[in-house]
Amino acid sequence: MVKSILTAVLLLGGWELLAQQSVKQSVIIKNNITGKVKDNIGKPLEFASVLLLSAKDSSLVKGSMTDTTGIFEISENNQGSYLLSITSIGYQKFISEPVVISETSPIIDLGIITLAEDSKLLNTVVISGERPAIERQIDKILVNPNNSIFKASSNALDILGRSPGITLDAKGGISLKGSTPLIMIDGKNQAISMEELKALPPDAIEQIEIIGSAGAKYDGETRSVINIKLKRDKNLGLKGDSYVSLGQNRRYGSYAGGFSLTYKTKKMVYFGRYGYNNDNDFLDMTGNRNVV
């Protein structure tokens with residue numbers, strides 16, 4: 001009997017130890033950085049771009065955006081030192097002091113962050129050759145891999161892992177707002193594996209569309225969509241030229257017209273040309289012959 005009681009105590013102690021380890025692991029796995037962004041009069045700034053950067057080289061780790069109440073939340077599993085960059089059109093850029101994620105800080109609340117208005121940006125048009133890393137539209141979020149903030153990204157899967165609302169599990173699976181998204185290439189439903197995403201370089205991607213709530217144009221089972229838009233070779237495809245000419249001699253008119261078409265693929269070039277010419281000549285000749 002004593003032996004049975006002792007065994008039960010040891011089992012309970014083992015379960016308690018496992019439970020403690022499980023809680024400890026869950027703390028390490030989920031590290032959230034949260035805060036609220038407002039303007040200088042206390043109004044929440046919605047859809048402000050929030051970027052978590054590596055404090056070492058300022059490379060992008062994860063992106064997010066504020067909601068309609070100005071609140072943002074970023075989850076990051078890896079411990080270390082980070083910077084938070086917050087931008088919104090018409091406001092000065094905010095860069096935080098280093099934020100340290102550790103085992104003892106599972107939740108970091110930065111409180112209220114106020115962005116100051118930028119009078120220069122409000123009164124002038126800023127022309128830049130670089131598109132924002134993350135853009136917000138009514139029904140989707142746009143990610144621009146060409147932005148220098150993605151310089152540390154090595155492939156398409158890595159870019160997705162740094163994009164707002166997207167989570168990658170240990171096996172490389174993709175989750176968007178708790179659901180498995182439909183991944184499309186140039187708007188077409190194509191079965192693409194994680195290995196293929198890893199093989200797709202950033203410089204081959206023009207833009208990534210992240211749609212958290214799929215609309216009626218998708219089937220009822222599709223809750224979210226990721227559309228990867230690839231860059232197109234501007235020299236590929238169909239091109240053509242045409243010409244028309246008119247002429248007039250002393251009595252008759254003439255005209256000519258035609259066109260040429262070139263269709264170029266990555267392996268072949270097809271070329272064709274057609275032309276029509278209508279030319280009526282008039283010759284007025286006077287001859288004088290002397291015979292001796």
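This is a predicted model: local features need pLDDT of at least 70, side-chain atom pairs count only at pLDDT 80 or more; totals for chains, interfaces and linings use all residues.
Colleague: How many salt bridges does the count come to?
Modeller: The rule asks for a side-chain nitrogen of Lys or Arg within 4 Å of a carboxyl oxygen of Asp or Glu. By this rule, the count of salt bridges is four.

Colleague: How far apart in sequence are the parts that Glu-209 and Lys-140 tie together?
Modeller: Glu-209 and Lys-140 form a salt bridge, with 3.2 Å between the closest N and O atoms. Glu-209 sits in strand 15 (residues 205-211), while Lys-140 sits in the loop between strand 9 (134-136) and strand 10 (141-143). The pair therefore ties together parts whose separation in sequence is 69 residues.

Colleague: Are Glu-209 and Lys-140 buried or exposed?
Modeller: The cut-off for buried is under 20% relative accessible area. Glu-209 and Lys-140 are both buried.

Colleague: Asp-158 forms a salt bridge with Arg-162. Is Arg-162 buried or exposed?
Modeller: The closest N and O atoms of Asp-158 and Arg-162 are 3.2 Å apart. Asp-158 has a relative accessible area of 22%, so Asp-158 is partly exposed. Arg-162 has 14% relative accessibility. The cut-off is under 20%, so Arg-162 counts as buried.

Colleague: Lys-198 forms a salt bridge with Glu-195. What separates Lys-198 and Glu-195 in helix 4?
Modeller: The closest N and O atoms of this pair are 3.8 Å apart. Both residues lie in helix 4 (residues 194-199), three residues apart. The separation is therefore about one helical turn.

Colleague: Which are the edge strands of the open sheet?
Modeller: Six strands form this sheet, with mixed pairing, in the order 9-10-15-16-13-14. An edge strand here pairs on one side only. The edge strands are strand 9 and strand 14 (188-189).

Colleague: Which residue in strand 14 is the bridge partner of Met-184?
Modeller: Strand 13 (residues 182-185) and strand 14 run antiparallel and are joined by two bridges. In strand 14, the partner of Met-184 is Asn-189.

Methods. Residues are numbered from 1 along each chain as its sequence is written. Side-chain values use heavy atoms; hydrogens and water are left out. Helices (H or I, at least four residues) and strands (E, at least two) are DSSP runs, numbered from the N terminus. Buried means under 20% relative accessible area, exposed over 50%, partly exposed in between (1.4 Å probe, protein chains only). Two strands pair if DSSP finds at least two bridges between them.
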